[in-house]
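The sequence and the model are shown first.

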Amino acid sequence: MSFILSIIITLVFGVGVILIRMKASKEPASVKKIIIPPIMMSTGALMFVMPYFRVSPGGILEAVIMGLIFSLILIWTTRFEIRHQYVFIKRTKSFPVILLSLLLIRLGIKYWISGSVDVGELSGMFWILAFAMIVPWRIAMYFQYKNVAQKLEQPEEAS
């Protein structure tokens, strides 16, 4: 029963995040909006102070590799555009599908390894996976944003 409840809660929050991301694409992007999420998420690392959440070196490596793979997918699908003299994240129809797919993959992995890994260590692994996914993605977003924003700052060339 608790596993089914966990899946339902994860899906509800996942759909919520997808809706928030889609709504955010209607507002201009900014450096602050790009860098604050990983900074705020980094506070979750405090869980590793408690031995219950500590992850084995192999678990850390697995989580980081999966996070990096997931981040590549997000980097590949995130683009910026200029609209009304502001920089916006370009909305794509595939983005919600990709986020939902990554969520379902994470749920599948969680189910698959939950029998062989303690709950605390599993929680730590999935935090590491999420952090290893969001940090490279946001770094790439920052550089993409700066490249697009630089075009706004260039004076219009007279024709």
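## Contacts and overall layout

Among contacts in the protein chain between residues at least 6 apart in sequence, 82% link residues at least 24 apart. The model is a predicted one. The protein chain has 159 residues, of which 33% count as buried. Along the principal axes, its C-alpha atoms fill a box of roughly 65 × 30 × 20 Å.

The protein chain contains 5 helices and 2 strands. Read from the N terminus, the order of elements is α-α-α-β-β-α-α.

## Packing of α3 against α5

Two packed helices are described by the angle between their axes and the distance between the axes. For helix α3 (residues 57-77) and helix α5 (residues 119-153), the axes come within 7 Å and the crossing angle is roughly 35°. The crossing of these two helices is right-handed. On the α3 side, the contact is made by Gly59, Ile60, Glu62, Ala63, Val64, Met66, Gly67, Leu68, Phe70, Ser71, Leu74 and Ile75. On the α5 side, the residues are Met125, Ile128, Leu129, Ala132, Met133, Pro136, Trp137, Ala140 and Gln144. By class, the residues of this contact divide into 16 nonpolar, 4 polar and 1 charged.

## The β hairpin

Strand β1 (residues 80-83) and strand β2 (residues 86-89) run antiparallel and are joined by 4 bridges. Within this pairing, Glu81 stands opposite Phe88 of β2.

The two strands form a hairpin with 2 residues between them. In the turn, His84 has a positive phi of about 55°.

## The nonpolar core

Which residues touch the most other members of the largest nonpolar core? They are Leu74, Phe80, Ile113 and Tyr145, in a core of 31 residues. The elements giving two or more residues to this core are α3, β2, α4 (94-113) and α5. Helix α5 gives the most, with 13 residues.

Leu74 is part of the α3 side of the contact with α5, and Phe80 lies in the residue range of β1.

## Surroundings of Tyr145

Tyr145 is in the residue range of α5 and is one of the core residues that touch the most other members. Leaving aside neighbours within four places in sequence, Tyr145 is in contact with Ala29, Ser30, Val31, Ile34, Phe80 and Val87.

Technical notes: Residues numbered from 1 in each chain as written. Predicted model: local features only at pLDDT ≥ 70, side-chain atom pairs only at ≥ 80, totals over all residues. Heavy atoms only, no water. Axes fitted to C-alpha atoms, helices over the stretch in contact; angles between N-to-C directions. Left-handed = near helix turned anticlockwise from the far one by under 90°. Contact = heavy atoms within 4.5 Å. Nonpolar A, V, L, I, M, F, W, Y, C, P; charged D, E, K, R; others polar. Pairing = 2+ DSSP bridges. Core = buried A, V, L, I, M, F, W, Y, C linked by side-chain atoms within 4.5 Å. Buried < 20%, exposed > 50% of the residue type's maximum accessible area, 1.4 Å probe, protein only.
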